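Student: I have a model open and a few questions about it. Can we go through them one at a time?

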Amino acid sequence: MGMAASPDEQRFGMTFDDRFRVPLAALGITPATAYVTVAPQNLVARLGPWVCRTTPSNVTNVQVSGPYHWYRVIGARLSFADRGLTFGTGLERGVCLRFARPVRGLDPLGLLRHPGLTVTVQEPDRFAATVRRFAGLG
């Protein structure tokens, strides 16, 4: 797992629905490769081979959401409605982050930018509060 980059960094694992563990693992998505880290200057979401990086100061809104339909949330998903990105491993609850400046995440060249990211983290309420605190959203 490694050491935290800063003493203030917090790591949140993803909630895995047992029904999707095998297909997700086939894509390289396991509890060891699916998590979000939050620090005062860094927010990094990883879902197997996909990574989305930004700063907490880029976050303009944080909302706990769910439950979800599997076909909208499992895996790395692009919303055709708003280009939002989802890193999903579970169906019950997650957290949607909205950004002031759209971020890279799905394509390796970064040509597609995402105005939001939904992650199905463990402890979604604590994660949301942590992001709000680091983003200065109160």
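Student: Is T89 buried or exposed?

Tutor: This is a predicted model, and in it T89 counts as buried because its relative accessibility is 0%.

Student: Where is T89 placed?

Tutor: T89 is in the loop between β7 (85-88) and β8 (94-103).

Student: What does the side chain of T89 have 2.6 Å from a polar atom?

Tutor: The backbone oxygen of T15.

Student: And which residues is T89 in contact with, leaving aside neighbours within four places in sequence?

Tutor: M14, T15, F16, D17, L24, I29, L47, V73, I74 and T120.

Student: Change of topic. What is the strand order in the open sheet of 4 strands?

Tutor: The order is β1-β2-β3-β4, and the pairing is antiparallel. The edge strands, each pairing on one side only, are β1 (10-13) and β4 (50-54). From one strand to the next, the twist averages 10°.

Student: What holds strands of a sheet together in general?

Tutor: Strands pair through backbone hydrogen bonds, either parallel or antiparallel.

Student: How many bridges join β2 to β3?

Tutor: There are 6 bridges between β2 (residues 34-39) and β3 (residues 42-47), and the two strands run antiparallel. One of the bridge pairs has V36 with A45 as its partner in β3.

Student: Cysteines next. How many disulfides does the count come to?

Tutor: The count comes to 0 disulfides.

Student: Is C52 buried or exposed?

Tutor: C52 is buried, because its relative accessible area is 1%.

Student: What about the largest nonpolar core? Which residues touch the most other members?

Tutor: The core has 33 residues, and the ones that touch the most other members are M14, V36, F87, L97, V119 and F127. At least two residues of this core come from each of β2, β3, β5 (59-65), β7, β8, β9 (114-119) and α3 (124-135).

Student: Which element gives the largest share of this core?

Tutor: α3, with 5 residues.

Student: Which residues does F127 touch, not counting those up to four places away in sequence?

Tutor: F127 touches F12, V36, V38, V95, L97, V119 and V121. V36, L97 and V119 are also among the residues that touch the most other members of the core.

Key
Residues numbered from 1 in each chain as written. Predicted model: local features only at pLDDT ≥ 70, side-chain atom pairs only at ≥ 80, totals over all residues. Heavy atoms only, no water. Buried < 20%, exposed > 50% of the residue type's maximum accessible area, 1.4 Å probe, protein only. Polar contact = N/O pair within 3.5 Å; in protein donor to acceptor, adjacent residues only side chain to side chain. Contact = heavy atoms within 4.5 Å. Pairing = 2+ DSSP bridges. Axes fitted to C-alpha atoms, helices over the stretch in contact; angles between N-to-C directions. Disulfide = S-S within 2.5 Å. Core = buried A, V, L, I, M, F, W, Y, C linked by side-chain atoms within 4.5 Å.
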